[in-house]
Amino acid sequence: MPDDDLLALALVRLDEAARHLSIDPDVIEKLKYPRETTKARLMIRMDDGSRKSFMAWRCRYDDTRGPTKGGIRFHPQANGEEAEALAFWMTFKCAVMNLPYGGGKGAVRVDPRSLSRAELERLSRAYIQAFARILGPDRDIPAPDVYTNSMIMGWMADEYGQIVGESVPAVITGKPLALGGSLGRDDATARGGYYLVRHLAADAGLGAPMRVAIQGFGNAGRHIARLLAADGHRIVAVSDSEGAVFAHGGLDLERLEAAKNAGRSVLSTADGDRHHACSAEDLIATDCDLLVPAALENMIHGRNAASVQARVILELANGPVTPEADGILARNGVVVLPDILANGGGVTVSYFEWVQNRQGYYWTLEEVHERLRTIMEREGRAIWTTSKEAGITVRTGAYVHALRRLAAAIEAHGTQQFFAAG
Ligand code: NAD
């Protein structure tokens, strides 16, 4: 199987999970292929008066459990196959969290930094013009992803409203607060991971205080650093794309925040006294209890997995551990809390936004946090129990947990045995 066949790689997880369940073959047949992937060429007017076109995709992978849900990414290497693989992941993530959604994903092949703000707005609106007929609050609900943000979601929701002739905020999540966004969306991914690790810490062999290393000091990484430090845990190493710093006694988070807010790397805080510089690659091997990959995919792989000293890995990033590394970590007794569970807080608060838009009644921040905590702990506990009972990794346990729910929904329409008996 070629390394770039992302969907084939994702389907390995499906086969693995299916081995631990007795499900109808129809279920696998249905989940092996995306339901629909629509492709469009977006044509926009550039500021200099010229026309330029961009390829765009929207994949609705499976909608058995509800309308499809998933982000839209703007990226120069975006493509339809990647959108399908990511939509497959979303199908499982929504099932893991028991949200009433299937999985979807969208993409535009563009380097958004090459566009002016006005061009970016035209491109965002063009995306909705192209795909409006497959979107809708009961059909397919986008959200932000790589290089898209709340302002873009606001433009997109507005464009959809113009097309259908009424305001439909629930068609898209991750909107600005003033346009129907939810409180608590900004740190939802990190907070979900934080609630999960706090709940399972003792079971996973983590004591307190924990020594924590965080790869990637962006949205997810910065928020989890703050949440864990507030509980008295020590953040001993952090990295970004330019390098890493460590301090055995704990890093000064305020200095790191100040550096990032000023547009500088975490590396700029190295002073040879409290903050010591190291390479971004060395962060993986930091002597710590909890390692939090919060940067990019495939960062822990066959060549560096054996150097991991942490007892637990919390995958805030999507796909940071390769299948080869998974095997090495399992043999070394490292517990991996997998992405489809660990970063599910983001889509869960997106779901809360959709619910609030539909009710027209908005929750307090405390209500959002409490509901998120309940879901993270409930699903985390169920997956932990499944993996212990079956003697499988937590990742396979999460796929088994999701597949059980997907299978129940698909089988409720009738199985081979049911129709053959008729
Ligand atoms: P972000 O762009 O805000 O931050 C990414 C960080 O990773 C940046 O600090 C960047 O400098 C750093 N980085 C890049 N290359 C690196 C390298 N080689 N070594 C170390 N650090 C490196 O992105 P984010 O929103 O925090 O997302 C991070 C990950 O979490 C992604 O995989 C994303 O898909 C996943 N995720 C995020 C959300 C969310 O709500 N933000 C939700 C679900 C999943």
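M376 counts as buried in this predicted model, because its relative accessibility is 0%, and buried means under 20%. The residue sits in helix α12, which spans residues 365–390. Leaving aside residues up to four places away in sequence, M376 touches M97, G192, Y195, L196, L341, A342 and G345.

Strands of a sheet pair through backbone hydrogen bonds, in parallel or antiparallel fashion. Here seven strands form an open sheet with mixed pairing. Their order is β9-β8-β7-β6-β10-β11-β12. β9 (276–278) and β12 (335–337) stand at the edges; each has a single partner strand, so one side of each lacks a neighbour in the sheet. On average, neighbouring strands are turned by 20° against each other, direction ignored.

β7 (residues 234–240) and β8 (residues 243–246) run antiparallel and share four bridges. S239 stands opposite A244 in β8.

Of the 19 residues around the ligand, T189, N219, A220, S241 and N318 come nearest. Backbone atoms face ligand oxygen atoms at several points. For N219, a backbone N or O atom lies 2.9 Å from a ligand oxygen. For N318, a polar backbone atom is 3.1 Å from one. For G218, the distance from a backbone N or O atom is 3.3 Å. Taken alone, the ligand exposes 830 Å², and the protein buries 71% of that.

Terms used. Residues are numbered from 1 along each chain as its sequence is written. This is a predicted model: local features need pLDDT of at least 70, side-chain atom pairs count only at pLDDT 80 or more; totals for chains, interfaces and linings use all residues. Side-chain values use heavy atoms; hydrogens and water are left out. Helices (H or I, at least four residues) and strands (E, at least two) are DSSP runs, numbered from the N terminus. Buried means under 20% relative accessible area, exposed over 50%, partly exposed in between (1.4 Å probe, protein chains only). Contact means heavy atoms within 4.5 Å. Two strands pair if DSSP finds at least two bridges between them. Axes are lines fitted to C-alpha atoms, for helices over the stretch in contact, and angles run from 0 to 180 degrees between N-to-C directions. A residue is near a molecule or strand if one of its heavy atoms lies within 4 Å of it. A polar contact is a pair of N or O atoms within 3.5 Å; within protein, one must be able to donate a hydrogen and the other to accept it, and residues adjacent in sequence count only if both atoms are side-chain atoms. Accessible areas come from the Shrake-Rupley method with a 1.4 Å probe; for residues, only the protein chains shown count as cover.
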